[in-house]
Structures are given as structure tokens and as C-alpha cells.
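Here is a friendly walk through one model, from its charged pairs to its nonpolar cores and a group of strands. Please keep the structure open beside the text as you read.

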Amino acid sequence: MATIKLWFGRQNFHLLKSFLLLKIIAVVFAVLLFCEFLIYYLVIFRCNWPEVKIRAYDGKRETLEPVLKAMFLADTHLLGEVRGHWLDKLRREWQMERAFQTALWLLQPEVVFILGDIFDEGKWSSSQAWAEDVERFHKMFRHPRHVQLKVVAGNHDIGFHYQMSTYRIKRFEEVFNRERLFSWKGINFVMVNSVALEGDGCNICSEAEAELIKISHKLNCSREAHRSSRCGDGQLLPASAPILLQHFPLYRRSDANCSGEDAAPPEERGIPFKERYDALSREASQKLLWWLRPRLVLSGHTHSACEVLHGTGIPEVSVPSFSWRNRNNPSFIMGSMTPTEHALAKCYLPFEDTVLITYCGAAGFLVVLMFIHFGLLASPFLFGWQLLRKFKTM
């Protein structure tokens, strides 16, 4: 009889142990599923493409202008072999991959622009390290064939002016194409290598300025009502003021006039910008606005959001960093574009604080569960039942 009781006792112990293990596995699986997959869908699902005026008048007829859905993100800063802990690299790249793939699936953009600093160590990485970084980039930012991905160079990709070389620029352009002018659905995008706009007459800088002058000439010809002889017989660009895309923001004194939850911290907004380091020089900015006459400018580099007006009211939007390594609340810009109008909206990604709090809460719950299981803490249901019985007998 004693042997039978001992056997049943052992069986009950093993059952209780297995039941506890199943509870732990269920909780861990549910938390991982939420924090590493579902949270991206829940947050990005709330983002909507902004509405834009799509009606145009062609003589007496009213026609519909095509709308282009474009995503703009910046400063992904994929870590290389020198900087950053391997766990930090793994975590940040997983976050960006999940966020990007979820956004592609839910929002269905037609084109994605990344505004520089794709890599963190491109300015000094070896050929082998560069190839490995590029391979990881293609895995993270893979996309369907019908979605176009366009990239501009940043200072971490090819180095600041004093680090920039023909070799680094060439290897960047071999991967991401050296396209400077991109037109689709009647909309012109000019993608500028802003690192090369130092204005000191270096060979790379002179070539970059000469290329921009040629683009300016093409854009001016597209705006003319009657083609002049200087425009030649080539195919004209769409008669649409361009959208300027670059890494460095145009010249501004600081972020003092920037506001919003993803702007620079209040203690940093008043710090003066250094020309050619934090922003383009005043001279280079004036040249770009004069040559290209854009209707909108989008830039990165600062890792924070800002909206400013230049010249005759040309808006510039600084796109915040897409990486949780640079900020707690990354985001990207969604743009609905037509040849004459545009509308922008911001899509925030999950706050990292939310994920950390969820993990900490789950860990606390598991500790309480184990304490209850081993009798070190009374079950809240049992405690409540005893309290209720005590109240009834009073």
C-alpha cells in the first residue's frame, strides 16, 4: 500500500512539474510572438497613406493624375565588424527587418527611398566586410520586383569629404546604382550625393556639381512651353518640379524651431549646426535650390524629425532614423505624390520601451507563477476565496 502511494506521489509530482513547464513554455511563446512579430503588425496597421488632390484640368476636361505611393526612411546604420556588440547588431537588424517587411506587406508602397547612412562603417570597412554588410542589407530590405528601392549615399557609407574617395563611391554605386535622376508617373526625383557638395573644387566635388548642372538643364527644358534649340531633340522629362532627396539637410542654424515627439531632445535643439558636418553649407544649399527649384526636400543625417521652409517657402522634411539604436521611437515617411501635389504622413514604429516593459512584465509573471507552484506564495484565487469565506462567517 505504501509503495502504491509513493508511486502515485511521484506521478503527481511529475505531472505538476510538466504542467508548470507547459505554462512557462506557453507564456514565453506568447510573449515572443507578440514582441517580435505581432507588435509590428498592430502598430504599422494604424498607418494610412495621406490623401492628395488628384484632379487636374486638361483644357476643358477634368482628368485624374496618377498617385505614386513612396516610402522614405533614413539612417539605418547597419553595424559592421568593428563597432557594436554582436547581440546589439543581431537585435537591431531583426527589428529593422521585421518593421520593413511588415510595412511592405501592409502598406504596399511602389517605391522606397533610403536617405543615406545605410551602413555604419562603410567609410572604413574592408572589401570583405563591405561585401558581408551588403549581403545583410539585401536580406533585411528584400522586396518584390514590382517595388523599386532607391538609395542615396551618406557620410557613413562613403565617408565625410576628407575620407571620401573615388574607390568608396564606386563600390557604393556598383551596389546601389549611380542614378541621380529618377522619374515615375510624371514625378521627378533628384538624388544628390550631398557629401560631395563641399565646394572646395575637389575632383569628386566638381564632377558632382557638373552633373547637377546637367540635371538642372534637363529640368528647365521640361518646364518650357516651347522647346528651345538649346534643349536638343532628346526626350523631355515630365514638366514637374522635382523632389530633392539627399542625406545632409540643407543649411539651417540649428533644430531650435523643430518640434514634435520625434524631434531632437530639447537640450540639443539650440546647439548650432556646423556647416559641412551637421548640414550643407549655406552656399551649397543656395546652389541646389537655384539649380533644381524643388517643390519638396527630404533629408536624413540628424536622426531626428524637423520641418523647415527655405527660400520662397520650399518645405524640407528631415526624416528620423529607422534604427532603434539611434532613437526609442523610429519612424518613416509615407508620401502620396502626383506631378503637381504631394501629401506626407509619418508612420511610427513600436516604442522600444513598450517591448522592454512587456518582457519585464512577463518575467515577473513567470516568477510569481513559480512561487505559487512551489507553495512559496499563495495563489491569488485561493487567497481571494479564503478572504471571501472569512467575510461571510463574520
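Aspartate 262 is buried, with a relative accessible area of 1%; here buried means under 20% relative accessible area, exposed over 50%, and partly exposed in between (1.4 Å probe, protein chains only). This is a predicted model, in which local features need pLDDT of at least 70 and side-chain atom pairs count only at pLDDT 80 or more, while totals for chains, interfaces and linings use all residues. Residues are numbered from 1 along each chain as its sequence is written, and side-chain values use heavy atoms, with hydrogens and water left out.

Which residue does aspartate 262 form a salt bridge with? The partner is lysine 346, with the closest N and O atoms 2.8 Å apart. Aspartate 262 sits in the loop between β8 (243-245) and α7 (266-269), whereas lysine 346 belongs to strand β13 (residues 342-348), so this pair ties together parts that are 84 residues apart in sequence. Lysine 346 itself is partly exposed, at 29% relative accessible area. Helices (H or I, at least four residues) and strands (E, at least two) are DSSP runs, numbered from the N terminus.

A salt bridge here is a side-chain nitrogen of Lys or Arg within 4 Å of a carboxyl oxygen of Asp or Glu, and the count by this rule is 20.

| Glutamate 173 | Arginine 180 | 2.8 Å |

In the pair of glutamate 173 and arginine 180, both ends are covered: glutamate 173 is buried at 18% relative accessible area, and arginine 180 is buried at 16%. Lysine 287 is partly exposed, at 26%.

Now to the nonpolar residues. A nonpolar core is a set of buried Ala, Val, Leu, Ile, Met, Phe, Trp, Tyr and Cys residues joined through side-chain atoms within 4.5 Å. The largest one has 69 residues, and those touching the most other members are Leu73, Phe141, Val190, Leu288, Leu292, Phe322 and Phe332. Helix α1 gives the largest share of this core, seven residues. Beyond its neighbours within four places in sequence, phenylalanine 141 is in contact (heavy atoms within 4.5 Å) with residues including Leu73, Phe100, Ile114 and Phe322. A separate core of 20 residues includes Val152, Ile187, Leu245 and Leu298.

Finally, the strands. Buried or enclosed positions are a feature of strand β11 (residues 314-318): four of its five residues are buried, so the strand is largely enclosed by the rest of the structure. Strands pair if DSSP finds at least two bridges between them. Strand β9 (residues 296-299) runs parallel to β11, joined by three bridges, and valine 297 stands opposite glutamate 316. Strand β10 (residues 306-310) runs antiparallel to β11, joined by five bridges, with leucine 309 and proline 315 as bridge partners. β10 and β11 form a hairpin with three residues between them, and glycine 311 in the turn has a positive phi of about 55°.
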